[in-house]
Amino acid sequence: MPEPVEINKSIQDLPFGWTSRYHTFIENDHIDVRLRIHLRSDQRIPLRDVLKVRVETEDSVNRYFNQRFEMVDSEGRARPLRVSIEFTSDSPDLVVRLHPGKGRSNLNHWFVDADPIIRAHEVGHALSLPDEYIDPMSKNRATADAPGIYHDHSLMGNFFSEGIDQAELKQRHGEILANEISEAAGIPLKAQEQPRITPDGPHEVAATHEFLLQYKENRAHI
Amino acid sequence: MNTQDSWELLVSSNSSVRYQIGNPHFEGRTTVVIQGNGTASVEFVRGAEKRSYLKQLAPERLEEVRSTLAAYDPRKLTASQKDLVPDEAQIQIEIVEGDRTWVRTFRDQDRWNQSNLQKDVELFESVAREVSGGNVQF
């Protein structure tokens with residue numbers, strides 16, 4: 001198994017700013033991107049809801065990020081990009097507080113009953129992708145014709161108005177990921193879109209002993 | 001404490017408290033306005049979607065709003081200056097009493113770091129749910 005390469009970069013979309021941190025594994029036939037999330041749950045949240053959020057997040061990330069891009073090296077070899085989430089309290093790349101019910105999510109605060117697409121959107125930020133919807137606070141996204149705005153059914157755009165079912169990652173997002181992986185791994189890569197295949201259906205995540213211990217530990221911290 | 005900012009809340013017909021959170025171009029913007037006479041309005045805007053609601057709060061409910069705001073007075077809270085994280089909403093609270101106006105903009109992180117602000121947010125969310133008949137949740 002190849003050594004992981006860490007990507008650790010400060011991203012600015014003033015007045016927004018955050019650190020994008022994740023790991024990539026360059027394999028012969030594919031490239032893995034792994035994001036380790038510490039999901040700290042509010043003490044009012046039942047275990048089944050924590051598990052629901054984990055499964056929904058994994059499914060949503062699988063739907064939007066996988067079978068989407070290939071990374072092509074200078075010799076023309078194409079490797080599919082695979083993004084996965086690992087929920088762990090051990091050296092996480094991203095710490096998220098989970099709250100009950102519904103609310104406005106952001107990179108560090110998620111809600112149990114939020115639409116799962118919002119968690120794929122937040123994972124996009126964790127992988128360094130910027131927002132693409134209008135925000136009068138943002139210098140680059142203040143108006144509908146500002147340079148940082150896209151109206152093309154982007155996962156990072158205003159999918160609530162444009163249509164959740166049509167949201168997807170775009171070529172420009174693959175290029176951002178390719179540039180970051182190239183820079184960190186020292187291998188020139190370019191992104192190209194991969195033909196879409198119907199994603200796998202929902203799957204179950206077992207509540208392991210390690211997970212149950214972590215769940216108790218998280219509660220003790222709040 | 002600045003006595004200029006310590007007048008009683010919602011005690012006259014020309015007084016009001018206004019709470020606004022969010023972005024109409026993403027998860028939506030919610031505005032709650034409570035008047036001193038007990039009239040409460042709620043507006044939710046997301047893209048082309050706009051919903052408005054109006055209701056007269058019962059006297060005991062208005063008193064509950066007053067006492068909650070007095071106990072967790074927004075004017076005593078501090079707004080952080082840290083960078084916003086992606087999708088982080090701003091929370092604006094405006095208090096009007098006659099010709100006096102107090103307004104402050106908080107960041108969403110402030111409510112997770114200051115339990116008194118979270119109490120205020122929970123109050124306004126409960127009024128939003130009540131006035132909209134459950135159609136505006138947050």
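Is A:Pro147 buried or exposed? A:Pro147 is exposed, because 8 other C-beta atoms lie within 10 Å; a residue is exposed at 12 or fewer such atoms, buried at 20 or more and partly exposed in between, with C-beta atoms placed from the backbone.

The model is predicted: local features need pLDDT of at least 70 and side-chain atom pairs pLDDT 80 or more, while totals for chains, interfaces and linings use all residues. Residues are numbered from 1 along each chain as its sequence is written, with chains lettered from A and ligands numbered from 1 in the order written.

**Chain A**

Select A:Pro147 in the loop between helix 2 (116–126) and helix 3 (159–162) of chain A.

Next, select helix 1 of chain A, residues 47–65. Helices (H or I, at least four residues) and strands (E, at least two) are DSSP runs numbered from the N terminus. The buried residues of helix 1 of chain A include A:Val50, A:Val53 and A:Tyr64. After helix 1 of chain A comes A:Gln67, with a positive phi near 55°.

**Chain B**

Now display the open sheet of chain B, in which 6 strands follow the order 4-3-2-1-5-6 with antiparallel pairing; strands pair if DSSP finds at least two bridges between them. Its edge strands are strand 4 (49–56) and strand 6 (100–107) of chain B, each pairing on one side only.

Finally, select strand 1 (residues 15–23) and strand 5 (residues 90–97) of chain B, which are joined by 7 bridges. There, B:Ser16 stands opposite B:Val96 in strand 5 of chain B.

Definitions and conventions: The expected span of a helix is 1.5 Å times one less than its number of residues.
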